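Colleague: I would like to learn how to read a model like this one. Could you take me through it feature by feature?

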Amino acid sequence: MRFLLTVLFLLVPAAAQAFDDPKTLLEAIYQPYQTGKTHESLDPFYSNRLKGLFIDHANRATGEVTALAPGSDATPNRAFNPFLDSDNALLLDVVIGEPVVLGDNALATVSFHNFDHPSLLTIAMVKESDGWKVDDVTSTGAGENWLLSWLLRYDPWDVK
């Protein structure tokens, strides 16, 4: 029985992992970037609301109405990674602040240097039935300041 459970555990992809607390979620997001690696998909980290905003944005950009098929990514445009505020990643000096938790909502800051560019992000999280998920990301450091949900909803650059 123990062998069967071990095999089943190994077969379950890491993306299906449920995050029991907000800090564990953020650590899972940022760990690969510190070694120059990336995630295959960011979808497992996003809340249902944020996935919906990505889908709506993609539908407006293409002029088509697309439903999310089970197991598919809600984020077809992987060129923009809100956790990096950049196209490439080799993060140094990553500091994940202690999340402030109020019921099923949490907020934490993440600071880092990507190559030599400093970044400061605020990440809002929500607890869903399958664990903690990212519900929004705000860039508040040097350079352009933005709120991910606002960019997806209003698309100030009219990306198509």
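Colleague: Which residues of α2 are buried?

Modeller: This is a predicted model, and in it P22, L25, L26, I29 and Y30 of α2 are buried. Viewed down the helix axis, the buried residues of α2 lie within an arc of 120 degrees, so they line one face of the helix.

Colleague: What do the buried residues of α2 pack against?

Modeller: They pack against β1, β2 (100–102), β3, β4 and β5. At the start of α2, a side-chain oxygen of D21 comes to within 3.2 Å of the backbone nitrogen of K23.

Colleague: How many residues are in the largest nonpolar core?

Modeller: A nonpolar core joins buried residues through side-chain atoms within 4.5 Å. The largest one here has 31 residues, and those with the most contacts inside it include I29, Y30, F83 and I123. Among the elements that give two or more residues to this core are α2 (22–30), α3 (48–62) and β4 (117–128).

Colleague: Leaving aside its neighbours within four places in sequence, what is F83 in contact with?

Modeller: With that exclusion, F83 contacts I29, Y30, Y33, L42, Y46, F112, L121, I123, V134 and V137. Ring pairs also link F83 into a cluster with Y30, Y33, Y46, F54 and F112.

Colleague: How many aromatic pairs does a search of the whole structure find?

Modeller: The search finds seven. To classify a pair, look at the angle between the ring planes: over 60 degrees counts as edge-to-face, and under 30 as stacked. The planes of Y30 and Y33 stand at 70 degrees, with ring centres 6.1 Å apart, so this pair is edge-to-face. Both Y30 and Y33 are buried. W150 and Y154 make a tilted pair, with 45 degrees between the planes and 5.6 Å from centre to centre.

Colleague: Why are W150 and Y154 separated by about one helical turn?

Modeller: Because they are four residues apart in helix α4. W150 counts as partly exposed at 43% relative accessibility, while Y154 is exposed, with a relative accessible area of 53%.

Colleague: Where is H39 found?

Modeller: H39 is in the loop between α2 and α3. Its side chain reaches the backbone oxygen of A28 at 3.5 Å. Not counting residues up to four places away in sequence, H39 touches A28, I29, P32, Y33 and F45.

Colleague: Is L107 buried, partly exposed or exposed?

Modeller: L107, in strand β3, counts as partly exposed because its relative accessibility is 44%. Leaving out residues up to four places away in sequence, L107 touches E98, P99, V100, T122, I123, A124 and M125.

Methods
Residues numbered from 1 in each chain as written. Predicted model: local features only at pLDDT ≥ 70, side-chain atom pairs only at ≥ 80, totals over all residues. Heavy atoms only, no water. Buried < 20%, exposed > 50% of the residue type's maximum accessible area, 1.4 Å probe, protein only. Contact = heavy atoms within 4.5 Å. Polar contact = N/O pair within 3.5 Å; in protein donor to acceptor, adjacent residues only side chain to side chain. Arc of directions from axis to C-beta. Phe/Tyr/Trp six-rings, centres within 6.5 Å; stacked < 30°, edge-to-face > 60°.
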